[in-house]
Amino acid sequence: MAGSSLDDIGEIPVLFEDNHILAVVKQPGIPSQEDHTGTPDMLTVLKRDLKKRHDKPGNVFLGLIHRLDQPVGGAMLFAKTSKAASRLSEAVRSRNFGKTYVCVVHGKPHAASGKLRHFIRKDAKLNQVTVFKQEAPEAKEAVLEYTVISSTDRYSLVAVMLHTGRPHQIRAQMAFIGCPLVADRKYGAPQTGGVADIALWSTSVSVSHPITKEHVCFRSIPYGSKAWSWWPQAELEAAADVYLAEGDSAHAPKS
């Protein structure tokens, strides 16, 4: 998508919007925020859309609460006011911000479900991380839970819940246990014909609403990549629901 313009990006699906928050579905290939490439990013695109839809004069405020890697699609939550941004950012820092994902990996994890705890160190120049079993200099703890939903002789559909939000965490930790994500060449995945996007999708974000304090959850089912077409829709939905709290799905619009 490098070299494209804002006009090249189609309509971004909105999962929920009120005066304080905006939940949307990010498409793979779009950066979460502006970077050195000049590629159209979610913040810029959404600010322009809000300005147009609500006929707002001047600059539009939109707070980036969390990020998704550029190749990753799925649910994202933004703040429309500074007060909402502050409260949601604190929820992220205090780990009261739920994030679940679905991925397709090569092979099958040794255990059908479990918790992975490693330590991750990022190399900013390479935009890549290294995973360690034990504590290491400048490495931060990385914890996730996973459940294998379905497997073939070559691939597995896996649901993931993050406990920490480290760079490339799911991609690096799954590769570390010998199950790299499909199409994730950076972390050792073999060539997979016909699959361009990394098979990782943000299936839900959940948090206490920054103003009403009501628990809200916004849900998105993977679509688009060939890797998702390998699995029946029912299995994709089951994977998306594994780590949702009771009642979450009732508040979760589908993309």
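Is V104 buried or exposed? The points below begin with that residue.

1. V104 is found in strand β5, where strands (E, at least two residues) and helices (H or I, at least four) are DSSP runs numbered from the N terminus. Its relative accessibility is 0%, so V104 counts as buried; the term buried means under 20% relative accessible area, exposed means over 50%, and partly exposed lies in between, with a 1.4 Å probe and protein chains only. The model is predicted: local features need pLDDT of at least 70, side-chain atom pairs count only at pLDDT 80 or more, and totals for chains, interfaces and linings use all residues. Residues are numbered from 1 along each chain as its sequence is written, and side-chain values use heavy atoms, with hydrogens and water left out.

2. Leaving aside neighbours within four places in sequence, V104 is in contact with Y155, S156, L157, P180, L181, V182, A199, A227, W228, W230 and W231; contact means heavy atoms within 4.5 Å. By C-alpha positions, V104 and R48 are 33 Å apart in space and 56 residues apart in sequence.

3. The largest nonpolar core has 36 residues, of which L77, V104, L157, F218 and W228 touch the most other members. A nonpolar core is a set of buried Ala, Val, Leu, Ile, Met, Phe, Trp, Tyr and Cys residues joined through side-chain atoms within 4.5 Å. Two or more residues of this core come from each of β2 (21–26), β4 (73–79), α2 (82–93), β5 (98–106), β9 (155–162), β10, β11 (215–219) and α4 (233–241). Another core, of 31 residues, lies apart from it and includes I12, L22, V60 and V72. In soluble globular proteins, nonpolar side chains tend to be buried together.

4. S204 lies in strand β10 and is buried, with a relative accessible area of 1%. Its side chain is joined to that of T100 by a polar contact of 2.6 Å. A polar contact is a pair of N or O atoms within 3.5 Å; within protein, one must be able to donate a hydrogen and the other to accept it, and residues adjacent in sequence count only if both atoms are side-chain atoms. Beyond four places in sequence, the residues in contact with S204 are A75, G98, K99, T100, C217, F218, R219 and L244.

5. Helix α3 is mostly covered, with 6 of its 8 residues buried. These are Q169, I170, R171, A172, Q173 and M174. The buried residues of α3 pack against β5, β6 (113–123), β7, β8, β9 and β10. G178, which follows α3, has a positive phi near 90°.

6. T164 is found in the loop between β9 and α3 and is buried, with a relative accessible area of 5%. Its side chain makes a polar contact of 3.0 Å with the side chain of Q169, and also reaches the backbone nitrogen of V143 at 2.9 Å. Leaving aside neighbours within four places, T164 is in contact with R95, E141, A142, V143 and Q169.

7. A189 is placed in the loop between α3 (169–176) and β10 (200–208). This residue is buried, with a relative accessible area of 4%. A189 touches H106, P180, L181, A183 and D184, not counting residues up to four places away in sequence.

8. Most residues other than glycine have a negative phi. R95, in the loop between α2 and β5, has a positive phi near 60°; at 48% relative accessibility, R95 counts as partly exposed. E138, in the loop between β7 (128–132) and β8 (140–151), has a positive phi of about 65° and is exposed, with a relative accessible area of 72%.

9. The largest pocket holds about 1,200 Å³ of space. On a 1 Å grid over the protein atoms alone, a pocket is an open set of points where a 1.4 Å probe fits, with protein on both sides within 12 Å along at least five of seven lines; lining residues have an atom within 4 Å of a point. Grid points are joined across faces, edges and corners, and the volume is the space filled by probe spheres set on the points. Of the 46 lining residues, R67, L68, D69, G165 and R166 lie nearest the centre of the pocket. The largest share of the lining, 4 residues, comes from β5.
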